[in-house]
Amino acid sequence: MTLELLIDVLGWLGAAALLLAYALVSTRRLAGDAPAYQGLNMLGGVLLIINSAYHGAYPSVGVNIIWIVIAVLTLARRTARARP
């Protein structure tokens, strides 16, 4: 497998992770602040950052960095609320 093919596969896996997360929340199988939902968002964001950076699509890199930050902050807020 060439590096370019690997990067493209990672990009498609990232897109699939984000779409799966969206579908699970839209069908109410996961809550918006569920760790599984946020984990899929972070995984998808990281994989798309790798793909986008490789291809020089820096606006997409920026969006996915923000996407990951939102997921991390959501998980942190959820964890803080769960503590007594």
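Predicted model: local features only at pLDDT ≥ 70, side-chain atom pairs only at ≥ 80, totals over all residues.

**Overall fold**

I started with contacts: among those in the protein chain between residues at least 6 apart in sequence, 61% join residues at least 24 apart.

Next I looked up the secondary structure, and the protein chain has three helices and zero strands. Reading along the sequence, I get the pattern α-α-α. For overall dimensions, I have the C-alpha trace spanning about 50 × 25 × 20 Å along its principal axes.

**Surface and burial**

As for burial, 27% of the 84 residues count as buried.

**The core**

Which residues make up the largest nonpolar core? I found five in all: Ala17, Ala21, Ala34, Tyr37 and Leu40. Helices α1 and α2 each supply at least two residues of this core.

I then picked alanine 17 and listed its contacts, skipping neighbours within four places in sequence. That left Leu40, Leu43 and Gly44.

**Salt bridges**

How many salt bridges turn up in a search of the whole structure? I got two. As background, side chains of opposite charge can pair when their charged atoms come close.

Aspartate 33 forms a salt bridge with arginine 78, with the closest N and O atoms 3.8 Å apart. The cut-off I am working with is 4 Å, so this pair counts. Aspartate 33 sits in the loop between α1 (3-26) and α2 (35-55), while arginine 78 is in helix α3 (residues 58-82), so the pair ties together parts 45 residues apart in sequence.

Aspartate 33 also forms a salt bridge with arginine 81, and here I read 2.8 Å between the closest N and O atoms. This pair again links distant parts of the chain, 48 residues apart: aspartate 33 in the loop between α1 and α2, and arginine 81 in helix α3.

Put together, Asp33, Arg78 and Arg81 are linked in a network of salt bridges.

**Buried or exposed?**

Last, I checked how open the three partners are. Aspartate 33 has 24% relative accessibility, so I log aspartate 33 as partly exposed. Arginine 78 is partly exposed too, with a relative accessible area of 34%. Arginine 81 comes out at 54%, and since exposed means over 50%, I log arginine 81 as exposed.

Definitions and conventions:
Residues numbered from 1 in each chain as written. Heavy atoms only, no water. Salt bridge = Lys/Arg side-chain N within 4 Å of Asp/Glu carboxyl O. Helix = DSSP H or I, 4+ residues; strand = E, 2+ residues; numbered from the N terminus. Buried < 20%, exposed > 50% of the residue type's maximum accessible area, 1.4 Å probe, protein only. Core = buried A, V, L, I, M, F, W, Y, C linked by side-chain atoms within 4.5 Å. Contact = heavy atoms within 4.5 Å.
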